[in-house]
Amino acid sequence: QSAVSVPRDFEGCSTLRKYLGQLHFLQSRIPMGNGQEAAVPVTWTEIFSGKAVTHEDIKYEQACVLYNLGALHSMLGAMDKRVSEECAAGAFTYLRDHFPHSYSVDMSHQILSLNINLMLGQAQECLLEKSMLDNRKSFLVARISAQVVDYYKEACRALENSETASLLGKIQKDWKKLVQMKIYYFAAVAHLHMGKQAEEQQKFGERVIYFQSALDKLNEAIKLAKGQPETVQEALRFTMDVIGGKYNSAKKDNDFIYHEAVPALDTLQSVKGAPLVKALPVNPTDPAVTGPDIFAKLVPMAAHEASSLYSEEKAKLLRDVMAKIEAKNEVLDQFMDSMQLDPETVDNLDMYNHIPAVLMEKCAALSVRPDTVRNLVQSMQVLSGVFTDVEASLKEIRDLLEEDEAQERKLQELLGRVPPAPGSPPGLAEVSKECSKYLELHEKASFTNTELHRAMNLHLGNLRLLGGPLEQVRAALPTPTLSEEDKQVLQNLKRILAKVQEMRDQRMSLEQQLRDMIQKDDITTSLVTTDRSEMKKLFEEQLKKYDQLKVYLEQNLAAQENVLKALTDANVKYAAVRKALAEVEHKWNTTVQTLVASYEAYEDLMKKSQEGKDFYTDLEGKAAKLLERARAACQASEAHRQQLLERELKKQPPPRPTAPKPPLQKKALDEAGGPEAAELSSLVLPELPEELRSLPGTR
């Protein structure tokens, strides 16, 4: 009801567009077309004959609404300021191209073409007027005016059609006369500005012929303008003054000054029109115009099927694009793997400007423990002292045992020819056994002690460094030395690697945009309102929305070859720099690891040092006790040997009395006891205790 009685304003246009859109949505769901099950009679009145025309077809309703939309646009255009190039031809064009022409005579092809060209011509007039007011170049104004002539010529051809003439009646003659007048008038304007261009180019002969032609055409327009309103007559008179003045001045100047030949008009290049106006587009399904689809929940099965077909088209597009992307990515990944260039570590120069965090942590820990090195040295010194004491004790025990063993061998060598003496001093064997055990323990511990001292000497310097000023720590870390040329090589490589990453990121972004766009692309609503015969065309149009993304992706993929070539060249120059940086980095890491290891070894060194002190303190006590036992056992063994000697001496025959002179006594002993007694005397007696030596053989 609102569409039938629309107000004569832009709100009325909006109402007509909304109604047209909802009709379009309805027809795609309900069979209301000609001859279909739900068709209802639709009646409208013809604009020229005034007859009521009825069709059982929803498309007739749409056609009439479109006609009224074009008519309302033309009315609003006539009321509006003449500054817009948009016009009412859009509705008539859509009506001519998408609907049958048999509904009524006012919707015939000729009438619609007449309306279209009248609308376009008037819109072009508005643009011409604006161009003249803006003082555009003469040639551009001439072309715009020539296009007005072209539009009105097309309208005139439609008016001359017999069907149009019979339909329009008397109005046809008036319209034809007015249109012809406009044709001559705007042809005159076009030639006026062509003459002005010739004047600018100092082609004075051409100027004369163009102004003369403009004057001739204006005279024709004046003849056809009889009966037109006074405003039209006034405009024609003003134009005559302009063109007439231009022609007279040009002819006079050429006759008396320039004397250029005046060419025939047909020998000059014709003025080609410049169509600069546009019809207001009509899209019945544009949601910005139609508002929400009130039948949105009614989706025919055919639309679902078509949507599935469209989804397959999208999937095919994605597969094709992804195949290209994956092929390029595989080449890129293989290339980068072979290069072994990590963009994050290729330039690690910054790390040499700072002490690494792990090392700073160790320095901070030692700064609050300033006695670290002194404590370690003192602990190792105490350990060394105890170690030396234990070694001295064990050596003394070993010396006692060896001395006792030597005396025992001498005695055995002598007593081996005589019956062995029963009994021997107890404890010596146990001392020897324990001594061997302690010596074995000492030997093992000695190795550990040596390793501990070596480790301490290895880490002591590093601990002193870590506990000192940070400047010394930083100075102890290796740093690379690069020439300016090396730095340029490095910067160039970094720039190209950044380009590679940028290419990767852009490729991933474009791929994701494509996936998101495909995921969100649902044209079911459009499919509902599209005829099955138009589905393929709709698919093609909808898939065009991906063309721009595809172009960007293809440009990205095409750039890869050049980027990788540049990277190859840069990598060749980088080889020497890379080797030098790798060597310095290895030294840096080794130094840092060594310093950290020294810190971490401190606690272990202190612990092992304490364990060593505890071990040797215990061993020292045991060795001291064993030394006392060894001394006692050796004394007992010595006493036992003396007893054996006394027994042996008692068994020998007494010597004859002699003067108490040692040589004579020895001689008497030799004579009395034979060679055995002489040997016993020489080997044993000098070692007897004083109390035994005082016992003579005169007993």
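Which helices each supply at least two residues of the lining of the largest cavity? In the predicted model described here, local features require a pLDDT of at least 70 and side-chain atom pairs count only at pLDDT 80 or more, whereas totals for chains, interfaces and linings use all residues. Residues are numbered from 1 along each chain as its sequence is written, and side-chain values use heavy atoms, with hydrogens and water left out.

The helices in question are α1 and α10 (287–290), each of which supplies at least two of the lining residues. Helices (H or I, at least four residues) and strands (E, at least two) are DSSP runs, numbered from the N terminus. On a 1 Å grid over the protein atoms alone, a cavity is a set of points where a 1.4 Å probe fits but cannot get out, and a pocket is an open set with protein on both sides within 12 Å along at least five of seven lines; a lining residue has an atom within 4 Å of a point. Grid points are joined across faces, edges and corners, and a volume is the space filled by probe spheres set on the points. The structure holds 1 cavity of 30 Å³ or more, and the volume of the largest cavity is about 30 Å³. Its lining consists of Arg 17, Leu 20, Val 282, Asn 283, Pro 284, Val 289 and Thr 290. By class, this lining has 4 nonpolar, 2 polar and 1 charged residues, where Ala, Val, Leu, Ile, Met, Phe, Trp, Tyr, Cys and Pro count as nonpolar, Asp, Glu, Lys and Arg as charged, and the others, Gly among them, as polar.

The second largest pocket contains about 1,200 Å³ of space. Its lining comprises 40 residues, and those nearest the pocket centre are His 24, Thr 529, Thr 530, Asp 531 and Glu 534. In this lining, 18 residues are nonpolar, 14 polar and 8 charged. At least two lining residues come from each of α1 (10–27), α2 (58–79), α3 (89–98), α11 (301–339), α17 (524–528) and α18 (535–543). The largest share, 5 residues, is supplied by α18.

Within α18, the buried residues (under 20% relative accessible area; exposed is over 50% and partly exposed in between, with a 1.4 Å probe and protein chains only) are Met 535, Leu 538, Phe 539, Gln 542 and Leu 543. These residues cover an arc of only 125° around the axis and therefore lie on the same side of α18; the arc is that of the directions from the helix axis to the C-beta atoms. In helix α16 (residues 484–520), Leu 514 is buried, with a relative accessible area of 0%. The C-alpha atoms of Leu 514 and Leu 317 are separated by 9.9 Å, although the two residues are 197 apart along the chain.

Side chains in a regular strand alternate between the two faces of the sheet. Strand β1 runs antiparallel to β2 (residues 52–55), to which 4 bridges join it; two strands pair if DSSP finds at least two bridges between them. Trp 44 has Val 53 of β2 as its bridge partner. The hairpin of β1 and β2 has 6 residues between the strands, and Gly 50 in this hairpin takes a positive phi near 80°.

Most residues other than glycine have a negative phi. Gln 202, although not a glycine, has a positive phi of about 60°; this residue is in the loop between α7 (170–200) and α8 (204–224) and counts as exposed at 56% relative accessibility. His 259, likewise not a glycine, has a positive phi of about 55°. The loop between α9 (230–258) and β4 (278–279) contains His 259, which is exposed, with a relative accessible area of 57%.

The structure holds 7 aromatic pairs. Rings of Phe, Tyr and Trp (its six-membered ring) pair if their centres lie within 6.5 Å; planes under 30 degrees apart count as stacked, over 60 as edge-to-face and the rest as tilted. The pair of Tyr 185 and Phe 186 is edge-to-face, because the ring centres are 5.1 Å apart and the planes stand at 85°. Both of these residues are buried. The rings of Phe 204 and Tyr 258, with centres 3.6 Å apart and planes at 5°, form a stacked pair. This pair links distant parts of the chain, with Phe 204 in helix α8 and Tyr 258 in helix α9, 54 residues apart. Phe 204 counts as buried at 10% relative accessibility, whereas Tyr 258 counts as partly exposed at 35%. One aromatic cluster is formed by Tyr 152, Tyr 185 and Phe 186.
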